[in-house]
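Here is my note for you, as a set of numbered points. Keep the model open beside the text and look up each residue as you reach its name.

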Amino acid sequence: MDMLLNPLNRWHRLRDDIPVMPGAFPLVGHLPAIVCDLPRLLRRAERTLGSHFWLDFGPAGHLMTCLDPDALALLRHKEVSSALIEEMAPDILGGTLVTLDGSAHRQARDGIKAAFLPRGLTEAGIGELFEPIIRAQVRAWRDRGEVAILPDTRNLMLKLTFSLMGIPAQDLSEWHRKYRQLLHLMVAPPIDLPGMPLRRGRAARDWIDAQSRQFIRDARARAARTGLINDMVSAFDRSDGALSDDVLVANIRLLLLAGHETSASTMAWMVIELAQQPELWDALVEEAQRVGAVPTGHEDLAQCPVAEALFRETLRMHPASSLVPRRAMQELQLGQRRIPAGTHLCIPLLHFSTSALLHEAPDQFRLGRWLQRTEPIRPVDMLQFGAGPHVCMGYHLVWLELVQFSIALALTMQEAGVRPRLMSGVDNGRRYYPTAHPSMTIRIGFS
Ligand code: HEM
């Protein structure tokens with residue numbers, strides 16, 4: 001099938017001397033192709049227009065997309081702002097640190113980042129907290145014999161995220177409901193009427209924010225609550241005090257959102273790759289049997305190089321955050337072009353993650369590129385998590401939980417004498433934006 005581009009829009013136009021990709025539809029622009037077929041869209045644009053071109057993101061307007069590796073430097077550039085993210089998703093990301101710049105960003109991030117570093121995670125006992133939840137989920141898969149992998153990994157990630165936050169078990173179903181309504185804000189049409197997704201999504205956001213305020217009060221009153229919120233509140237209160245609780249509340253909402261779909265998508269792709277490549281599964285099982293138990297601390301992760309390589313190579317091939325938006329605050333040089341101040345920019349992480357300029361044989365899934373390396377991981381090796389001041393705060397957490405998951409899966413299925421098998425095709429139904437993920441309908445059997 002050809003790409004979802006408008007056949008009636010064939011004109012070659014320029015904006016600021018940079019070509020606009022033809023094929024945009026009225027209102028939604030190139031969004032259908034961005035969502036369903038981003039790699040092919042980028043390849044076609046590069047072939048026909050070169051390394052710099054405009055893509056039309058419908059309601060969010062035109063973003064100048066750059067495939068020159070210089071674009072990665074934008075993530076660290078002082079004259080490039082993240083405020084555009086708030087304009088693209090005001091209801092859901094407004095006030096969160098991913099939208100802030102400079103000292104406001106630094107202050108908010110410094111207030112909470114310690115809890116997400118290996119030491120903070122170890123002190124809060126996060127590995128021990130996750131292990132039984134992951135074990136129970138993979139045992140349930142073994143008993144069911146077949147699962148729709150993405151809905152199931154989303155479910156597992158939600159359980160892990162809620163336990164991280166210390167949400168009491170009796171409140172989980174209400175949180176699930178509100179969380180689903182909150183997610184609808186990502187795609188809600190701008191119609192603020194009773195019963196419409198926008199109205200319900202905003203109400204869910206206000207409910208979640210009110211619960212977070214209560215958590216913060218409980219944490220300060222030293223009520224018996226576990227999870228990262230306690231640690232975040234005390235670190236926040238120790239920081240220089242200029243920040244209001246609104247910052248903390250908005251960022252608790254960000255943490256609920258940022259880690260869920262991205263990690264669930266990566267987890268689902270890991271299982272799909274294991275099901276497609278028997279030798280990969282065998283290598284993982286061998287490692288799991290050698291370590292004999294699910295690791296719980298960061299210091300144990302070095303014992304699991306195969307699981308770590310699986311996590312890194314899966315993310316390289318299937319980066320969950322495909323595009324990062326920014327705004328140029330001043331005129332910039334980008335590759336061979338001058339970019340005017342005020343330009344909206346798109347940094348296509350997906351393109352660089354699978355680019356021959358950065359990786360040998362980029363289309364091949366090779367654990368060896370991680371297992372045989374002798375030098376430490378460089379920023380470009382983890383560009384799927386962004387870079388610079390906004391680099392993902394959940395990196396150490398997701399590394400821990402995905403290695404735990406791989407080892408738990410291998411141990412559980414091996415004990416039962418079964419392995420993952422792909423029960424349906426993987427090519428149809430993939431999505432690339434706002435979060436990239438495999439098709440919702442892919443089924444994995446364990447037999
Ligand atoms: C595979 C999983 C994940 C991927 C691929 C991923 C990717 C990213 C990327 C690309 C950014 C940078 C956005 C930008 O520069 O505009 C980011 C930021 C962020 N991520 Fe993640 N993420 C993942 C998991 C998580 C988890 C588990 C959490 C926490 C629970 C988390 C929390 C955050 C936060 C708080 C930020 C904003 C940091 C800042 O603006 O300073 N992420 N993530």
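1. Start at the iron atom of the ligand: its single donor from the protein is Cys392 (SG), 2.3 Å away. Donors here are N, O and S atoms within 2.8 Å of the metal (3.2 Å for Na, K and Ca), and water is not among the atoms, so sites may look incomplete. Helices (H or I, at least four residues) and strands (E, at least two) are DSSP runs, numbered from the N terminus.

2. A word on what you are looking at. This is a predicted model, in which local features need pLDDT of at least 70 and side-chain atom pairs count only at pLDDT 80 or more, while totals for chains, interfaces and linings use all residues. Residues are numbered from 1 along each chain as its sequence is written, and side-chain values use heavy atoms, with hydrogens and water left out.

3. Now the whole chain. The protein chain has 17 helices and 12 strands, and its C-alpha atoms fill a box of roughly 60 × 55 × 50 Å along the principal axes. The radius of gyration is 22 Å, which agrees with the value near 22 Å that a compact globule of 447 residues would have; this radius is taken over C-alpha atoms, and the globule rule is 2.2 Å times the number of residues to the power 0.38. Of the 447 residues, 54% count as buried (buried means under 20% relative accessible area, exposed over 50%, partly exposed in between, with a 1.4 Å probe and protein chains only).

4. Helix 17 comes back here, packed with helix 12 (residues 260–276) at an angle of about 35°, the axes being 11 Å apart. Axes are lines fitted to C-alpha atoms, for helices over the stretch in contact, and angles run from 0 to 180 degrees between N-to-C directions. Residues making the contact include Met267 and Met270 of helix 12 and Leu402 and Phe405 of helix 17; contact means heavy atoms within 4.5 Å.

5. Compare another pair: the axes of helix 10 (residues 228–238) and helix 11 (residues 245–258) come within 12 Å and cross at roughly 150°. Among the residues in this contact are Ile229 and Phe236 of helix 10, and Asp245 and Leu248 of helix 11.

6. Is Met64 buried or exposed? Met64, in strand 4 (residues 62–66), is buried, because its relative accessible area is 0%. Leaving aside neighbours within four places in sequence, Met64 is in contact with Ile18, Trp54, Leu334 and Cys346, among others. Met64 and Leu400 are 336 residues apart in sequence and 35 Å apart in space, C-alpha to C-alpha.

7. Asp17 has phi near 75°, a positive value in a residue other than glycine, and lies in the loop between strand 1 (13–15) and strand 2 (18–20). Leu27 has phi near 65°, also positive, and is found in the loop between strand 2 and helix 1 (31–49). Asp17 is exposed at 58% relative accessible area, and Leu27 counts as exposed at 78%.

8. Finally, find the cis peptide bond that joins Tyr433 and Pro434, where omega is about 0°. Pro434 is placed in the loop between strand 11 (420–422) and strand 12 (443–446).
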